[in-house]
Amino acid sequence: MAKVLFVINPISGDIPKEELEEDIRLFCERNNIEGETFKTTGEQDEFKLKEAIQIFTPEIVCAVGGDGTVSLVAKAVVKTEQALAILPLGSGNGLSKDIGIPQNFEEALQVLVHHRIMPIDTLDVNGLLSIHLCDMGFNALVVKRFCDGDTRGPSAYAWIAMQEFVGYEPKKYTIIANGNTIFEGDAFMITVTNARAFGSNAAINPTGVINDGHFEICVLEPFPKSSSLGILYRLYTDSIDDSVYTHRFSCSSATIINHAEEVTQIDGEPEELGRDINFTVQPRSLRVVLPKTKEQG
């Protein structure tokens with residue numbers, strides 16, 4: 001009998017949590033799964049979750065929520081034999097979309113019955129874990145404003161982005177890899193990821209491979225406002241590399257000097273990381289639960 005610990009964020013998603021827990025309980029009964037639930041409270045969640053995992057010893061720890069819940073579970077199981085599963089209920093659901101998890105709750109539940117496990121790379125960012133993407137510049141500022149606000153959902157994020165875009169001033173950055181400066185100058189945004197796209201499906205790293213032992217640094221240089229629609233079009237058509245305002249660099253480690261010490265965001269959480277930000281890939285350090293391929297049945 002498989003053992004699954006379901007980590008539930010009580011404030012994410014539109015599904016009433018009592019109904020959700022009952023759905024999970026019935027699902028486990030029908031599919032011969034020994035399931036337990038862990039509810040986040042916002043107080044010592046990481047410590048308490050690791051303690052619950054140690055006591056229950058599940059094979060799979062399933063994040064039931066948004067990117068914050070996924071990140072919490074990842075921190076608890078990274079570099080262990082336990083695997084991360086995702087039932088996406090957040091605003092962005094970035095990692096789950098990138099690795100092919102169904103965005104429908106019932107379909108995502110079925111992945112726990114018919115699944116495969118694949119190890120993916122993660123990033124160490126000044127000692128913090130990044131499992132999907134982190135960035136600095138415009139998007140990080142929007143994420144901070146979004147997290148500081150009271151309204152959730154894609155429409156709230158888009159509204160904040162439009163407001164900030166009007167007066168945003170690009171900042172100066174220096175990127176160093178293998179002892180060489182590979183970029184120095186102003187940038188609208190710098191994204192560091194080994195995945196492909198934001199939770200909005202905008203593909204900032206369209207050829208990214210999530211377990212190849214490398215990550216990409218994606219630089220979007222300052223551009224005239226008249227080019228913004230063209231850039232958005234390229235982001236949503238996997239053609240951002242065709243823009244004259246973008247550069248991508250593949251690395252296994254790098255340092256970005258954030259001269260203005262602006263906020264950085266890691267997997268949807270704002271972080272104050274100071275001037276020098278060090279990135280190191282951690283190859284195949286996180287086991288994730290994925291749908292079976294057609295060939296696997």
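Modeller: Let us take helix 7, where Ala 156, Ile 160 and Ala 161 are buried (buried means under 20% relative accessible area, exposed over 50% and partly exposed in between, with a 1.4 Å probe and protein chains only). Viewed down the axis of helix 7, these buried residues fall within an arc of 135°, so they line one face of the helix; the arc is that of the directions from the helix axis to the C-beta atoms. Pro 154, Ser 155, Trp 159, Met 162 and Val 166 are exposed on the other side of helix 7. Helices here are DSSP runs of H or I with at least four residues, strands are runs of E with at least two, and both are numbered from the N terminus.

A word on the source: this is a predicted model, in which local features need pLDDT of at least 70 and side-chain atom pairs count only at pLDDT 80 or more, while totals for chains, interfaces and linings use all residues. Residues are numbered from 1 along each chain as its sequence is written, and side-chain values use heavy atoms, with hydrogens and water left out.

Now to the partner: the buried residues of helix 7 pack against helix 6, where contact means heavy atoms within 4.5 Å. Two packed helices are described by the angle between their axes and the distance between the axes. Helix 6 (residues 138-148) packs on helix 7 at an angle of about 125°, and their axes are 9 Å apart. Those axes are lines fitted to C-alpha atoms, for helices over the stretch in contact, and angles run from 0 to 180 degrees between N-to-C directions. Helix 6 and helix 7 are therefore oblique to each other (under 35 degrees counts as roughly parallel, over 145 as roughly antiparallel, 65 to 115 as roughly perpendicular and the rest as oblique).

From the helix 6 side, the residues that meet helix 7 include Phe 138, Leu 141, Val 142 and Arg 145; in helix 7, their counterparts include Tyr 157, Ile 160 and Glu 164. By class, this contact of helix 6 with helix 7 has ten nonpolar, one polar and two charged residues (Ala, Val, Leu, Ile, Met, Phe, Trp, Tyr, Cys and Pro count as nonpolar, Asp, Glu, Lys and Arg as charged, and the others, Gly among them, as polar).
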